[in-house]
Amino acid sequence: MKNENPLLYLLKKVDWPKKMVFAAMFLSILGSLSGLLVPLFTGKLVDTFNAENLDLRMVWLFIGIFLANAVLSGIGTYLLSKIGEKTIYSIRAKLWKHLINLKMGFFDKNESGQLMSRITDDTNVINLFISEKAPSVLPSLLTLIGSIVMLFILDWQMTLMTVLILPIFIGIMIPLGKKMGKISKDTQTEISKFSGILGRVLTEMKLVKVTTSEKNELEKTKVTLLGIYNLGLKEAKIRAIISPLSGIIMTLTVAIILGFGGIRVSSGAITAGTLVAMIFYVVQLSAPILSFSMFITDYKKAVGASERIYEIYQEETEKEGSDSNRPITDHQDITFKNVSFGYDDTTIIKDLSLSIHSGEVTAFVGPSGSGKSTLFSLIERLYPIEQGEILYGNESIEDIFLKYWRQKIGYVMQSNAMMSGTIRDNLTYGINEAVSDETLIHYTKMARCYDFIMEFPHGFDTEIGERGTKLSGGQRQRIDIARSFIKNPDILLLDEATANLDSESEYYIQQALNELMKDRTTIVIAHRLATIKKANQIIFLDKGEITGAGTHNDLIQSHDKYRHFVNTQSLTE
Ligand SMILES: Nc1ncnc2c1ncn2[C@@H]1O[C@H](COP(=O)(O)OP(=O)(O)OP(=O)(O)O)[C@@H](O)[C@H]1O
């Protein structure tokens, strides 16, 4: 696996349009072969012209071959490019599909801007290679080999002298190509770093402004931008060597042919027509030689870009769990059995066992960093459990089809995550069937957000800006709650927001939550005394361990830390 060619690895993943590949190859081969006849006929024409009996049929045949060559090459090139475009489409679509299904841990480790750069910039480099460079390989190769063969046939001694230059050329090109590959890989890394910074800064612009960090951020990007600039210069230097070198080799070859050719024509060893044909072939050779010399560098660039995409492919996607058709019984208890978990080496959840009864309210309380949100992530199966298991009824949640499991759960996050788009888009995000206006009105009324939505001129179709920035914190919470109403989940994970809201807003949210929690298994990270008092059981979590469980009254009497917690946390009444 280690030494696998990453570009080849990506190409193997593509669904090739086999018939089209075959047709395109056939046409390009035909085009190249007919192209090889053109110099030969030109030579013949020169010789016949000299003999004073110009054969008109020959002229027509020549024009015919010339036109056929042009048309065949044109169609062949188009088809090859079409295959290139299809290939890159397939690579992008598959990469995106793989990426979106990766485990949460991957997204914790990688900056979103950098990932975006891999999907856009890196695939662009590969795109250039596949849809523009690679399709010309076969026709170029045929023209190259064919022209050399024809040259040998016409005059092998003279040809031998000219092709001796080729190994020198190749000997220079290969190390240059390698260097170019490395530069390209470094450039892509720098570009993705730059995209990473852009992504980070642009999404947290408010933080940048209020901390007056513009200058610092500009300084950071300066280094990266200079890095990209210097790498660009290095690349330009190599290209500056390659282009004139190819020119020199070309001129040298033509000079040899002309010099020796002149002598051989005058000595009668070859005809003038043969010399014309030979020069024609040498000229025809120059295009493929040039494109091959660049091809090595473009290939190295594409391999460099593929390597970074290959790395993403080596990351594991989320396990879907078993059979997608097996139904799951609703309203089951959730049981943690000796669950241990850590994001990396440090254990966050330690050998935790607990039962969450169906239809009841279980509240988690405990100091910051004790692992409450982590437990929610484990229930959502965002991270794989290291030891133990979580059961739904008698079945491990890992065995339930992932999509079904997550559809059973409504998660009202503390951050009240929103997508840019309209209020309607956000209310129905993740819901696959059409949601009628009546349903929206019904549930937004239950979530106490209908009135404020209607105050906007565009109602449900109001744009809320990136991550809902055009809404207030309280408004976002209620839209998030309404979203959960519409989803109608069996299990509700509720991370109560700690944001201090005015008493009216707080009252509405409380009403909405009470409504939402009815007839569901509710697991709540509680910050409101009202929620805690209502809970059927309260779990006190401390450094990933349960140190107390019971009702509010039980714990107030028996658990010192709990009593202290309730008294000092100034929980919202
Ligand atoms: N994605 C992550 N990667 C690595 N470590 C993490 C991650 N998320 C949380 N942690 C760590 O896990 C520990 C528990 O965090 P968690 O968010 O579960 O605590 P919490 O009890 O919900 O805290 P709070 O009440 O402050 O939200 C913390 O030490 C935190 O640093």
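Trainee: Where does the largest share of the shell around the ligand come from?
Mentor: Keep in mind that this is a predicted model: local features need pLDDT of at least 70, side-chain atom pairs count only at pLDDT 80 or more, and totals for chains, interfaces and linings use all residues. Residues are numbered from 1 along each chain as its sequence is written. Helices (H or I, at least four residues) and strands (E, at least two) are DSSP runs, numbered from the N terminus. Three residues of the shell, its largest share, come from α11.

Trainee: Which residues surround the ligand?
Mentor: Being near a molecule here means having a C-beta atom, placed from the backbone, within 6 Å of it. The ligand is surrounded by Asp108, Tyr343, Ile348, Ser368, Gly369, Ser370, Gly371, Lys372, Ser373 and Thr374.

Trainee: How many residues of that shell are polar?
Mentor: Ala, Val, Leu, Ile, Met, Phe, Trp, Tyr, Cys and Pro count as nonpolar, Asp, Glu, Lys and Arg as charged, and the others, Gly among them, as polar. Sorted that way, the shell has two nonpolar and two charged residues, while the polar ones number six.

Trainee: In what sense do β3 and β8 pair, parallel or antiparallel?
Mentor: Strands of a sheet pair through backbone hydrogen bonds, one way or the other. Strand β3 (residues 361-365) meets strand β8 (residues 521-525) over four bridges, and Val361 stands opposite Thr522 in β8. The sense of that pairing is parallel.

Trainee: What separates the centres of domain 1 and domain 2?
Mentor: The bounds come from an automatic or database domain assignment, which gives domain 1 (6-313) and domain 2 (334-568). Taken over C-alpha atoms, their centres are separated by 55 Å.

Trainee: Does Arg381 count as buried or exposed?
Mentor: Arg381 is in the loop between α11 and β4 (387-392), and has a positive phi of about 60 degrees although it is not a glycine. A residue is buried if 20 or more other C-beta atoms lie within 10 Å of its own, exposed if 12 or fewer, and partly exposed in between, with C-beta atoms placed from the backbone. Because Arg381 has 21 such neighbours, it counts as buried.

Trainee: And His331, buried or exposed?
Mentor: His331 is found in the loop between α10 (272-313) and β1 (334-341). Its phi is positive too, about 55 degrees, although it is not a glycine. With 12 C-beta neighbours inside 10 Å, His331 counts as exposed.

Trainee: Which residues is Ile256 in contact with, leaving aside neighbours within four places in sequence?
Mentor: Ile256 sits in helix α9 (residues 214-266) and is partly exposed, because 17 other C-beta atoms lie within 10 Å. Contact means that the C-beta atoms of two residues, placed from the backbone, lie within 7 Å. For Ile256, the contacts are Met161 and Thr162.

How values were computed. Pairing = 2+ DSSP bridges.
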